[in-house]
Number of protein chains: 4
Amino acid sequence: MQTKTPVAVLGGTGLVGQRLVQLLANHPWFEIREIGASERSAGKSYRDAVAWKLPTPLPAAAAQLTVKPVDPGQITAPVVFSALDAAVADVVEVLFAQDGRAVISNARSHRMAADVPLLVPEINASHLGVLAAQRQRQGGNGFIVTNPNCSVIGLCLALAPLVRERRLQRMVVTTLQAASGAGYPGVPALDLIDNVIPFIGGEEEKLEIEPQKIFGTVRDGRIEAVELLVSAHVHRVPVSDGHTLAVSAAFDRAVTPEQAESWMREFRAEPQSRSLPSAPDPAIVVLNEPDRPQPRLDRMAGGGMAVVVSKLRVCPVLGLKFEVLSHNTVRGAAGGTILIAELLKAEGLLP
Amino acid sequence: MQTKTPVAVLGGTGLVGQRLVQLLANHPWFEIREIGASERSAGKSYRDAVAWKLPTPLPAAAAQLTVKPVDPGQITAPVVFSALDAAVADVVEVLFAQDGRAVISNARSHRMAADVPLLVPEINASHLGVLAAQRQRQGGNGFIVTNPNCSVIGLCLALAPLVRERRLQRMVVTTLQAASGAGYPGVPALDLIDNVIPFIGGEEEKLEIEPQKIFGTVRDGRIEAVELLVSAHVHRVPVSDGHTLAVSAAFDRAVTPEQAESWMREFRAEPQSRSLPSAPDPAIVVLNEPDRPQPRLDRMAGGGMAVVVSKLRVCPVLGLKFEVLSHNTVRGAAGGTILIAELLKAEGLLP
Amino acid sequence: MQTKTPVAVLGGTGLVGQRLVQLLANHPWFEIREIGASERSAGKSYRDAVAWKLPTPLPAAAAQLTVKPVDPGQITAPVVFSALDAAVADVVEVLFAQDGRAVISNARSHRMAADVPLLVPEINASHLGVLAAQRQRQGGNGFIVTNPNCSVIGLCLALAPLVRERRLQRMVVTTLQAASGAGYPGVPALDLIDNVIPFIGGEEEKLEIEPQKIFGTVRDGRIEAVELLVSAHVHRVPVSDGHTLAVSAAFDRAVTPEQAESWMREFRAEPQSRSLPSAPDPAIVVLNEPDRPQPRLDRMAGGGMAVVVSKLRVCPVLGLKFEVLSHNTVRGAAGGTILIAELLKAEGLLP
Amino acid sequence: MQTKTPVAVLGGTGLVGQRLVQLLANHPWFEIREIGASERSAGKSYRDAVAWKLPTPLPAAAAQLTVKPVDPGQITAPVVFSALDAAVADVVEVLFAQDGRAVISNARSHRMAADVPLLVPEINASHLGVLAAQRQRQGGNGFIVTNPNCSVIGLCLALAPLVRERRLQRMVVTTLQAASGAGYPGVPALDLIDNVIPFIGGEEEKLEIEPQKIFGTVRDGRIEAVELLVSAHVHRVPVSDGHTLAVSAAFDRAVTPEQAESWMREFRAEPQSRSLPSAPDPAIVVLNEPDRPQPRLDRMAGGGMAVVVSKLRVCPVLGLKFEVLSHNTVRGAAGGTILIAELLKAEGLLP
C-alpha cells in the first residue's frame, strides 16, 4: 500500500463533496487527484469554485485542483466518489462504471437496483457478491456501490447487533434531522428559527425501504429484501449536523434492554476486525445517561463514524425502544462512502 | 352572567401563571382578583414580582395587584387557578379545596387520583361526576379538577374523534417539545443551540398513563382507566412554544386516513356546542400540506386553543399515523385550565 | 371615505408582499383588487401561487384573486404597492407612474433619486413637495414614493425627536438583523444555526446614505441631503423578525439620556395627529429595562409599527448611545409603505 | 522540562473549569493533580461531580480525581488555575497566593488591582514586573495574575499590532456574545430562541475599562492605565461559543485598512517567538471574505487560541473599522489562562 490509490470526487462543491474533500485529505490509502462538478464550476480552481462551509480549513492540495466536468472522458481516476445530485447521478454514474471505474455513490439513483450493493460495511459486506452480475448487466469492467440514506445508516448500524441475534419484524422510527442533510443552501433559515418541519421529501420512503435491502440476502446475483415493516415519521430540526432517531422495534423473540446493550457494546464487524482506516471502534457507542445522545455533544463520536445509542428501554407497544444519533454528513454520507471504499480496497476490488 | 366570577391565580409569576394572567385579562366570565406566589414575591406588586416573558404587554389590572402567599386564609376568591409547582401543589391545592374553593390545577400532583377529573372538556366532561365522591373523601365543599400534561392534551384531543368511532389499542408517540414547557428559566440555552435533548423528566410516563385515564369511564365515583398501551419518546427542541407529536396508532378496526380526516373535521363537542368563550371551533384544524403543522406558523390556531393535525396516512406497523401540534402553554396549560373553568361554570359548578 | 381605494400589490408572493396582503386585509381605506407577480405565478390563484409564511391565515379575499403579470396594461388599480425585486422595480415602477398610478415602493431602485421622496411619515412628510418635479421629469400623472431600507426606518424614527432639537452630526450603528429581511428562501439555515453572519450585501451603504436624505430638505423640487456621517456594521442573526440596532450618536450640542428619553416619549408627528389608521401611538416606545428591547418580546409593539428604544445612556466616545428595535417586515417594509399610502390619502394625493 | 508542573483547577465543574480540564489533558508542561469545587461537589469523583458539556470525552485522568474543597490547606499544587465565581475568588485567591501559590485567575475579582497583571501574553508580558510589589502588599510568596474578560481579550489582541504603531484614542465596540460566556446553566433557552438580549451584567464596564489597563504601562510597581475612551454595546446571541465584535477605532494618526491588515498579518509576540505550547501562530488570522468571521466556521482557528479579523475598512466616523471573532471559553478564558501560565513558566516564575 505504498502508493495511494488516485480518486476523484464528483459533486465536489456541495456539502457532501466538501466532507469528502475534508476526510480524504491525508487519507492513508486514497489521494484526491480530481474533483468534478457542474459546468458552472468546471475550469475554476476548487478554491474559487467552492463555498467552503466546514469549520476546518480547506485542504491546500484540493484547493488548487482545477475542477473538471463530470465526464468519464475527462476524469481519469480509477475510483470515483459520487456526491452528485440524483438527477445527474442517474446517467453519469453508469457511464463511469461502464468505463471501468469503481463508483462509490452517495446518490439515491441506483440504491434499489437488485445488483447494486447498498452497503453498510459493518452489516452487509457479503452483498459485494452481486458485483459480477452487475458488471454483466451494465457492461464494462467497473461497478457501482451505494451508500444508504443518511438516516438509514445510523438506524441500521444501531440495529445490526440485534439483527444478528433475532429476526427484526417491525419498527416505528421518528427522526429529528439536521439541516446539513438538505445540502447547501438547503432549508431556509426562516423555516428553522423557532420551528421544526415535519417533512423531508422522499425520506420516509427511504427509511421504510432501504433497511429491507440492507438486511437482505444475496441469491443468484441479486439482493433479496428481508421482510421488515418500517414506519417512519421525519422532521427537520434546527441542528447543523447529526440526525437523531427515536426507534421502537419488535423482534421475533423478546430482546431485553440489557441484552441489547450488551450486544451493542460487543459489536464488532469486518471494518473493525480489518482495522479499516475510517472504521470506528467501537462502531456503536452506548451511553447510559438518559439525556443523551445529543447532537452537539455526541455527533463526533468515533470521528463522526460511530453511532451513539442511549435510552435502551422496554417499549410497551413493540418491545424495545432506544435513541440513536449519527453524524449525517460523516457516517451518513462522505465518511460512509469512504469506509465502503476502504472495504473494497481491502477486498482487492480497487486498484 | 352580569358580574364576573372572582378568581385567583396561584403560581402567578411562572410561565403558566403569566399565560393565565394574559388570557384572563378581559375574560367575559372571570376576573382576576388575587395572585398568589412564593414568599419571595408575596407583598410585592405583581408588576415588580414577575419577569414578564410574553410578547403582549403585562395587563394593567393584574400589574397592580399585590401578590399574596398561596394560603387559603389570605386568598379569598372562590375559584382558584393553580399553576403551582407539584411540590407545593401537593398540599396547598387540598387546603384550598377543603376550604370550599374550586381548584382548577395545572400541576401534576392530583392528576392520577381516581376521584379527581383529568379533564379535556371536549373529551371527558362526564368525569365531573366523581366530584361528589372527591368532596366526601377530601372533606370540605370545594374540589380539585386537573388539566393534563401539556403534551397529553394535544395528543388526546387529536385522537378524540377516532376514539368515538373505534377502540384505540396501542400507540407510539414521539414528541418534539418546546422550551416553554420547562418553565422559566427552564432549559439552559447551551442545551438547545444546535442541539436537541432526548429527555424530559417524567414526561414519557405521563404520556403513557394520562391518556388511559382521560379516555376512561366513571364507575362508582371513580374514574377507571381504559386499556391502552402507549409508548412515548420525548425530546426538547429549540422551539419557544408549540409541542409537535408524531403519532402511530392501532385501533380495533382499521381507520383509513380519509375516515380519520373526516371525523376530525366534523368533530364538535360540549365546549363548541355550548360556545364556551375559550372553546376553539373547530377544535381540530386539519391541514393538507405535507410540511405542516409547524410550530411557528400553526401554534396560534384557534387562539392557541385548537390542535392542528396534518399528514394523516397509513402506518405500515400500527395502521394510522399523523402529526399533531398544540400550543403547550395555551391549550396545554393556561388556556386548558380556563376552558375547564368555563365548562364548570356552564355546568353550574362555579359561583 | 365610504368606498375604499382599490390597490394592487406587486411582488405579492414574496415575504414583503405577503405582509402587505396580511396588513391590507380589512384595511379601512384600501382594498386589494389585484396582485401582481412573476410570470411563473401569473394566472394562478394567489392561494396556489404563494408559499404563505405568516402565522396568521391567508386572507380569504386575497386567496382567490388571480395573480397578474406586473404590467400596467393588465393591472388597473390607481394605487400600487410595490414589493418587487430591485431588478424588476427599476423599470416597472416607472411604467406604472408614467401610466398615472401612485406607486408606493419598498424597492431600493428609486430611493436615491432627488425628486423621489424617501418617506418616513413621522419625519419628512414635507418631502412630498418634490412630486410635481418628479411628474414633470418622468412624464405621466403618477408618481413614485419610496419606503427606506428596513434598518434605516427604525434608526431614523428613533432619532427623529432628537433631530428636532439638535443637529445630528455623526453616528456609529451596529445592526443585528432578522432573517426575514433577506426574503424567502433568503439565508440558508446552515448559516444561522449557532452562527451570525457579519454581512448583508449593500446594507451598510444604505445605512450610511439613506438617513442623509431622510433628514434632508427640499429645495427647488429636489431633496438635498443633510450633512451626516454614518458608520454601519451589519450582521444577520438567528431571529425571524425584528432588527436590533446599537446606536452611538454625536450632536452639535450635548443630549443627556434624560433629555433624549423625554423627547422620545413626547414625540408625536403627522401620522399620530392625523390618526392615520396604521400610525402607532406612541411612535416610539421607550422601555426602562436594561435588557430590552428584545425581538421576540417587543417587535409587535404598536402592532409592529412602533420602534422600541431602551438603554439610553452616555456614550463616552460620541455622546449618546441607545438600543433600537423595529419590526423589519411590518414597520420596515409592508407597514411602512401602507403608512405612506395613508399619508398620501390624507394629503389628497390618492383617489 | 522532564517532570510536569503539578497544577490544580479551582472551580473545575463550571464551563471554564471544564475547558481547563479539557485543554490541560496531555499538556506538555502541566499536569492536573487536583480539582477544587464547591462543598456540594467536594468528596465526589470529578466524573460524578461534573455535568460535562464539551463535545470531546471527559479526560480519563481527571475523571477519577476526587474533588476537593477550594482550600489552600487541602489543595497542594504550587500552580492554581482559578475558574471560581468572583464572589468566592475575592477571598480564596488571596489565600492561595499568601500560601505561596501562583494563582492564574479567570475571575474578575482582582483584575483591576494596580499590582495584579491583567495579562494578554502577546501584549503586556512586561506587566509581570509588578509581581514583586504585589507579593509585598499581599504577604506570602505567591501571586495572582489575571486573565481579562472574554470579550476584552479578542478585542485587545486584534488591536495589539495597531497599538504598536499608533496611539489608540477612542473606540466604539459592539459585541454579539455566545451563550457559553454566561456559564452553565447561564442564559435560559427561552431568552435565546428567535431572540437576542442587549444586556450582559457588568460587561460594558469591563470592555470600557480593562483595555485601558492592558495597554497601560508599569511605573513604580503599579500598572498605570493608558488614556483610551471605549464605548461598548453588548448583546447575547444564540451562538454556543465565539464572541463577535464590531469595532470602530480612532488613532492619533490615520491607519488605512491596508496598513492594518499588513500589521495584523505580520504580528508576532513573545508567545509566538518563544513557541509557547498554546500560542497560536499566527495569533491573528486575517480573512478577506466579507462575510467572515463567523462563529461556527472560525472560532476554532489556531485551536481556538487565535483571533480572527475580517472586513477591515474605513470608518467614516472614527477612521478604521473591522470585525473580530474569538473563542470565548478557549482564548477568552481557559486557554488564555493556560497561555499565561506557559509564559510564567518560560519566565521562570513557576516551579
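The legends below describe close-up views of a predicted model.

**View 1. The open sheet of chain B.** In this predicted model, chain B holds an open sheet of 6 strands, which pair in parallel and follow the order 3-2-1-4-5-6. The edges of the sheet are formed by strand 3 (68-69) and strand 6 (143-146) of chain B, and because each has a single partner strand, one side of each is left without a neighbour in the sheet.

**View 2. Helix 1 of chain B against the sheet.** Helix 1 (residues 15-24) of chain B packs on the sheet, where it touches strand 1 (5-10), strand 2 (30-37) and strand 4 of chain B. The direction of helix 1 makes about 160 degrees with that of strand 2 of chain B.

**View 3. The pairing of strands 4 and 5 of chain B.** Strand 4 (residues 79-82) and strand 5 (residues 102-105) of chain B run parallel and are joined by 4 bridges. Within this pair, B:Val80 of chain B has B:Val103, in strand 5 of chain B, standing opposite.

**View 4. Helix 11 of chain B across the strands.** Helix 11 (residues 330-346) of chain B lies across strand 1, strand 2, strand 4, strand 5 and strand 6 of chain B, and runs at about 150 degrees to strand 5 of chain B.

Terms used: Residues are numbered from 1 along each chain as its sequence is written. Chains are lettered from A and ligands numbered from 1 in the order in which they are written. This is a predicted model: local features need pLDDT of at least 70, side-chain atom pairs count only at pLDDT 80 or more; totals for chains, interfaces and linings use all residues. Side-chain values use heavy atoms; hydrogens and water are left out. Two strands pair if DSSP finds at least two bridges between them. Helices (H or I, at least four residues) and strands (E, at least two) are DSSP runs, numbered from the N terminus. Contact means heavy atoms within 4.5 Å. Axes are lines fitted to C-alpha atoms, for helices over the stretch in contact, and angles run from 0 to 180 degrees between N-to-C directions.
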